[in-house]
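Please have the sequence and the coordinates open side by side. The paragraphs below go through parts of them in turn.

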Amino acid sequence: MTVWLRERSELGVSALLLLVGLVVVVDSLLGSVAATSSDPLGPHAVPLLVGALLVLLAVLLARDVLSGGHGEAEGGEDVDLTVPADKRTVLLLAGVLVATAAAIPVLGWPLAGTGLFWGATYALGSRSVPRDPLIAAGVSLTTWILFDTLLGVDLPGGPLMGVFG
Amino acid sequence: MIDSLNSLMGGFAAALTPGNLLFAAIGVLLGTAIGVLPGIGPAMAVALLLPVTYAFDPTGAFILFAGIYFGAMFGGSTTSILLNTPGESASVIAAIEGNPMARQGRGAQALAAAAIGHFIGGIVGAVGIVLLAPLVASVAVDIGAPDYFAIMVLAFVAVTAVLGTSRVRGFAALAIGLTIGLVGLDPISGQARLTFGVPQLADGIDVIIVAVGLFAVGEALWVAAHLRRTQDEVIPVGRPWLSREDLAHTWKPWLRGPFIGFTFGSIPAGGAEMSTFMSYVTERKLSKRPELFGKGAIEGVAGPEAAASASSAGTLSTMLTLGLPTTAIAAVMLAAFQQFGIQPGPLLFVNEADLVWTLIASLFIGLVLLLVLNLPLAPVWAKLLQIPRPYLYAGILFFACVGAYAVSGQPVDLIVLLVIGGIGFLMRRYGLPVLPAIIGVILGPDAELQLRRALQIADGDWSTLVSTPLSIVVYLVIAVLLLLPVIRRALRRDTDEREPAAR
């Protein structure tokens with residue numbers, strides 16, 4: 001049973017489509033604004049259609065998977081599909097992103113960005129200690145200066161502001 | 001015709017100002033680097049640059065983007081030839097003939113055939129834009145809401161039904177994109193849709209964050225899960241050059257490729273992939289030495305590479321004249337136009353004539369820069385292939401986060417970015433194409449607006465949707481595209497006995 005399910009994990013995609021489709025349908029049915037003469041279609045017709053489309057596609061996809069069809073995983077020059085998916089790396093990277101989001105308001109971009117770059121290289125398997133953090137700091141600081149001064153995009157400097165500002 | 005030439009001259013005058021020249025130069029250099037580098041394609045690069053371009057004027061931004069587009073085509077063939085793994089899907093064909101050439105010590109000739117091919121293809125393609133685009137625009141200038149709606153439906157159906165192997169998965173991707181595009185306040189009635197009472201969702205999900213999430217974060221996570229731990233060896237190469245005998249074999253493919261490329265690039269039929277493939281098949285058929293194909297035939301590099309750059313020009317002309325994106329990068333550029341509040345389409349040549357003609361002129365300038373830079377710099381570009389992968393993908397994630405944060409200045413957008421990146425990851429895992437999704441996000445809200453506007457003008461009479469000749473033609477094309485597999489199946493049943501090996 002578990003093997004059967006694992007080989008058909010694509011049914012999960014179908015389930016997700018169904019779920020999203022139902023949410024879209026319910027959300028548009030709950031809407032209060034009706035169509036008027038100046039807007040014959042109203043704000044809910046198109047979402048209703050998209051929701052119905054999602055539900056229909058969920059059913060069609062499930063039928064396709066059950067009759068032996070499967071989506072082809074995307075290849076690429078750095079992609080080796082013969083090895084099983086490395087979940088640990090992906091989760092680590094996701095964790096680094098969440099940590100960065102939390103760190104920006106506290107530490108500012110130069111430091112949070114350094115952590116982001118270094119964390120990502122670490123998650124991807126690089127362990128070169130003086131080099132990785134130095135490159136991370138260099139990239140982060142350069143980007144911050146470039147964005148803040150040249151492009152006029154406001155990135156918070158954090159505590160380092162005092163040092164460089 | 002004369003008008004076009006005059007406008008083009010004006011465009012050159014504007015494109016040759018130091019600022020715009022700088023944008024063109026940065027664009028082609030960045031584009032070449034991106035084309036050479038694995039894992040990062042032109043669509044991702046433009047998506048990553050979208051937040052930055054807020055600081056520029058639109059003309060400069062589009063010169064930069066066009067430079068990246070053509071540069072990436074140039075650079076992609078370098079990777080294909082020197083390292084049997086194509087950098088972009090457009091340069092798959094270049095690997096078939098170019099890599100064997102490099103293995104035989106003829107890498108320099110392969111690079112030269114590709115670079116000159118790209119130059120000729122790009123120039124012919126750009127001339128094609130100059131001649132055809134104003135013509136299309138002048139014919140299409142009166143089109144109204146029903147026509148716009150029909151063209152957008154065509155965009156949805158074309159990228160979904162023509163490309164990819166599975167239609168169900170293509171349409172599923174499209175529906176996901178349309179759903180993301182629905183989030184936020186309805187622009188006509190102000191009704192909140194799919195916001196679930198979260199105030200941050202009222203403005204919708206910024207299209208930049210969707211593009212960066214799907215293209216950059218999704219790709220980086222997907223590669224991270226399957227990172228190849230052994231690197232292929234890069235074949236060392238000198239300065240590209242061609243002998244007289246090579247030239248005798250390449251000049252005809254160089255001239256044939258662009259016409260195939262421009263045609264297939266301008267219709268929604270697979271962009272550069274289809275163009276290079278068709279050019280390759282043509283060259284193999286016309287060659288006096290077909291036995292060499294697959295073992296390093298220089299014609300098989302020259303023709304398809306010329307077709308690749310010409311197809312970029314074809315894609316640009318369709319995007320500018322009809323607002324119809326036929327490839328991922330055209331879709332992202334369309335998003336950029338929307339960010340600047342410019343509507344691509346027939347009126348673009350009237351309303352934004354200066355911008356369009358400066359952009360077109362800068363294509364010629366960019367192509368000259370590319371040729372001048374790439375022939376001598378090829379060995380340097382090849383060195384880029386040795387960049388350690390952890391730095392490359394960490395860099396992609398880093399710039400994705402900077403871009404997403406710069407859009408709104410809210411850390412929570414990094415979480416939205418991660419969620420959309422997760423969707424991009426799952427799509428790659430389960431073979432849902434990314435292109436229909438991004439086109440759904442970018443064109444979906446516009447299509448709904450045009451549909452409702454059309455019905456509004458016609459007092460709710462649905463027949464207004466097929467009230468113009470253009471819309472009827474477009475719906476017929478859509479019907480053909482949808483029915484194509486059925487027709488093909490019927491035909492195949494007839495020929496099955498004669499050609500059992502036919503695909």
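The model is predicted, not determined by experiment. Chain A is divided into domain 1, residues 2–66, and domain 2, residues 87–164. Between the C-alpha centres of domain 1 and domain 2 of chain A the distance is 38 Å.

The UniProt record, an unreviewed entry, gives "domain: DUF1468" for residues 14–156 of chain A.

Residues 41–62 of chain A are 82% helix and 0% strand, with end C-alpha atoms 32 Å apart. Residues 90–113 of chain A are 96% helix and 0% strand, and here the end C-alpha atoms are 19 Å apart.

Next, the helix pair. Packed helices are described by the angle between their axes and the distance between the axes. In chain A, helix α2 covers residues 10–30 and helix α3 covers residues 45–66. Their axes come within 8 Å and cross at roughly 160°. Angles over 145 degrees count as roughly antiparallel, and α2(A) and α3(A) are therefore roughly antiparallel to each other. The crossing of α2(A) and α3(A) is left-handed. Sorted by class, the residues in the contact of α2(A) with α3(A) are 19 nonpolar, 4 polar and 1 charged.

The loop between α2 and α3 of chain A holds A:Asp39. Which residue of chain B does the side chain of A:Asp39 meet in a salt bridge? The partner is B:Arg452, at 2.7 Å from N to O. B:Arg452 sits in helix α18 of chain B, residues 434–457, and the pair crosses between chains. Over all chains, the whole structure has 12 salt bridges.

Terms used:
Residues are numbered from 1 along each chain as its sequence is written. Chains are lettered from A and ligands numbered from 1 in the order in which they are written. This is a predicted model: local features need pLDDT of at least 70, side-chain atom pairs count only at pLDDT 80 or more; totals for chains, interfaces and linings use all residues. Side-chain values use heavy atoms; hydrogens and water are left out. Axes are lines fitted to C-alpha atoms, for helices over the stretch in contact, and angles run from 0 to 180 degrees between N-to-C directions. Helices (H or I, at least four residues) and strands (E, at least two) are DSSP runs, numbered from the N terminus. Angles under 35 degrees count as roughly parallel, over 145 as roughly antiparallel, 65 to 115 as roughly perpendicular and the rest as oblique. A crossing is left-handed if the near helix is turned anticlockwise from the far one by less than a right angle, and right-handed if clockwise. Ala, Val, Leu, Ile, Met, Phe, Trp, Tyr, Cys and Pro count as nonpolar, Asp, Glu, Lys and Arg as charged, and the others, Gly among them, as polar. Domain bounds come from an automatic or database domain assignment. A salt bridge is a side-chain nitrogen of Lys or Arg within 4 Å of a carboxyl oxygen of Asp or Glu. UniProt positions are given in the numbering used here, feature names are shortened, and annotations may be inferred rather than shown by experiment.
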